[in-house]
Amino acid sequence: MRRLPALTVPYAALRARAGAAKDRVAALALHNIAIRRDSTGALRGFALSLWLTCTAVGAQGQTLDVLHWWTSAGERRAVEQLVLQLDKRGIAWRDAAIPGGGGGGAMKVLNSRVLARDPPDAAQVIGRTLADWSDLGLVLPLDEVAQRNRWSQSLFPLVQRVITHRGHIVAAPLGVHRINTLFFNQRVWAQLKLGAPKTWGDVEQAAAALRRAGIAPFAWSDEPWQIATVFETLLLSEGGPALYGELAATQRWQAWQDPRVAKALERLRWLRRLNGETAIEQRWTASARQLFTGDAGMLIMGDWVDGELVAWGAQAGRDYGCAPVPDTAGMHLYSIDTLAMLVGTKRREAEQERMAEVVVSPAAQLAYNQAKGSVPVRDDIDPAQLDECARDSWQTLKRDYSPLLPSIAHRMAADEATKDALADALHRFVKDPAITPARAQERLVALIRSAARTTPSP
Ligand code: GAL
């Protein structure tokens with residue numbers, strides 16, 4: 001494994017050296033993230049030193065530290081866009097990136113920083129976690145910024161709902177990810193003369209053709225959060241939007257007794273077995289890499305994979321295709337990224353509000369989301385500017401009648417502890433063939449039932 005050197009030159013010095021070239025600004029704030037090549041040749045970002053010494057930008061400038069988990073190539077490109085836009089408004093971004101897909105590690109670090117009374121100025125806090133944190137008084141309300149910038153007129157109503165808690169706006173929305181996405185390698189598809197996979201039958205046929213060609217049908221990882229991500233798309237596929245909606249409203253634990261939950265568990269096992277029994281726990285970027293190189297034909301994952309493939313030089317529609325997971329066409333299983341401004345000891349409210357304003361602005365929204373693979377939180381952009389995966393996602397959000405379903409695995413519907421417990425149970429189920437779908441379902445019911453007892457209604 002060859003390591004590339006980390007960039008540790010202070011921001012101010014680098015900035016001067018770059019002759020204030022704008023495109024450098026973004027790179028500077030982000031390069032506390034070192035890059036290494038792994039054995040598959042994939043570029044992986046991981047934080048080496050979490051803190052980059054930045055100086056204030058401009059006379060009235062101010063540095064805000066931002067905690068998040070965006071360390072892959074596509075995620076870093078997306079953050080670079082925010083850094084550029086913020087720089088124009090005199091705000092420097094000090095990067096506190098905690099590696100780890102799905103943000104499990106980042107949330108632990110965030111908890112301990114808050115307990116140590118050293119909260120970052122802003123952090124990616126999403127969904128139920130956002131609601132819980134604002135109940136604890138840890139989050140700065142952004143009602144005035146939202147009003148001044150007429151967010152309620154430009155945001156998707158869904159987004160507006162997700163950032164509103166007890167009548168207050170509690171975060172700046174960044175982008176909407178679609179979880180029910182099935183990626184396939186378009187070049188392999190052309191070679192094997194396969195049609196876009198629309199049904200589970202198509203998936204099965206494609207898997208057989210891929211195996212004959214010596215290609216793994218799926219890029220798969222047994223990491224618990226990745227299994228949970230795939231599983232919720234299967235719950236939607238097998239259960240339909242009405243049942244999924246009940247499952248996600250975790251107060252109604254009885255819904256988890258539905259026989260379609262067992263069918264989704266069976267489908268999960270079936271899907272994993274399409275690959276044989278060789279599943280390993282790899283990062284989502286390694287799975288995306290397998291799809292990119294054509295070592296694997298398909299991947300079910302949130303559309304942050306789209307941003308990653310673009311960062312590696314691939315193009316939607318030419319190198320890879322996106323289809324809704326079978327039987328979920330026209331539905332949107334969403335996870336919305338949001339930046340919460342944390343209440344700290346440092347009195348940075350004015351800058352935090354400015355940051356919120358900038359990230360929701362049309363320019364930042366388009367640039368950031370084109371790189372991230374998600375879609376703008378605004379419904380007033382031109383969808384022609386999105387690639388075909390993102391366009392389908394945005395148009396699905398835009399249609400009045402689309403079923404919009406919250407991700408359980410990504411905190412939209414369940415709190416941190418519940419989503420982790422579900423992911424662990426699913427992990428045990430796929431790892432141990434002795435656990436039947438019926439037994440696994442009993443376990444899920446028990447978990448949701450006890451969570452419903454201890455969690456107040458949102
Ligand atoms: C999600 C997050 C995305 C993406 C993904 C992979 O939870 O919303 O922004 O980063 O995890 O880590």
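**Ligand site and helix packing**

Let's start with the ligand. Domain 1 (11-178 + 336-402) and domain 2 (181-333 + 406-454) both give residues to the shell around the ligand, so the ligand lies between them. Bear in mind that this is a predicted model.

Who is in that shell? Here is the list. W69, W70, E75, G101, G102, G103, H177, G302, W304, S335, D337 and H410 surround the ligand. By class, the shell has three nonpolar, seven polar and two charged residues.

Pair one is α3 with α16. Helix α3 covers residues 73-88, and helix α16 covers residues 362-372. Their axes are 7 Å apart, and the angle is about 165°. Angles over 145 degrees count as roughly antiparallel, so α3 is roughly antiparallel to α16. The crossing of these two helices is right-handed. Which residues in α3 and α16 meet? From α3, we have G74, E75, R77, A78, Q81, L82 and Q85. From α16, we have A363, A364, A367, Y368, A371 and K372. Sorted by class, the contact of α3 with α16 has seven nonpolar, three polar and three charged residues. Note E75. That residue is in the shell around the ligand, and it also meets α16 from α3.

Pair two is α11 with α18. Helix α11 spans residues 224-248, and helix α18 spans residues 416-431. The axes lie 8 Å apart, at an angle of about 90°. That makes α11 roughly perpendicular to α18. On the α11 side, the contact uses P224, W225, I227, A228 and F231. On the α18 side, it uses K419, L422, A423, D424, L426, H427 and V430. The class count for α11 with α18 is nine nonpolar, one polar and two charged residues.

The crossing of α11 and α12 is right-handed. α11 supplies V230, F231, L234, L235, E238, G239 and L243 to this contact. α12 supplies R260, V261, K263, A264, R267 and L268. By class, the contact of α11 with α12 has eight nonpolar, one polar and four charged residues.

Definitions and conventions:
Residues numbered from 1 in each chain as written. Predicted model: local features only at pLDDT ≥ 70, side-chain atom pairs only at ≥ 80, totals over all residues. Axes fitted to C-alpha atoms, helices over the stretch in contact; angles between N-to-C directions. Helix = DSSP H or I, 4+ residues; strand = E, 2+ residues; numbered from the N terminus. Parallel < 35°, antiparallel > 145°, perpendicular 65-115°, else oblique. Left-handed = near helix turned anticlockwise from the far one by under 90°. Contact = placed C-beta atoms within 7 Å. Nonpolar A, V, L, I, M, F, W, Y, C, P; charged D, E, K, R; others polar. Near = placed C-beta within 6 Å. Domains from an automatic or database assignment.
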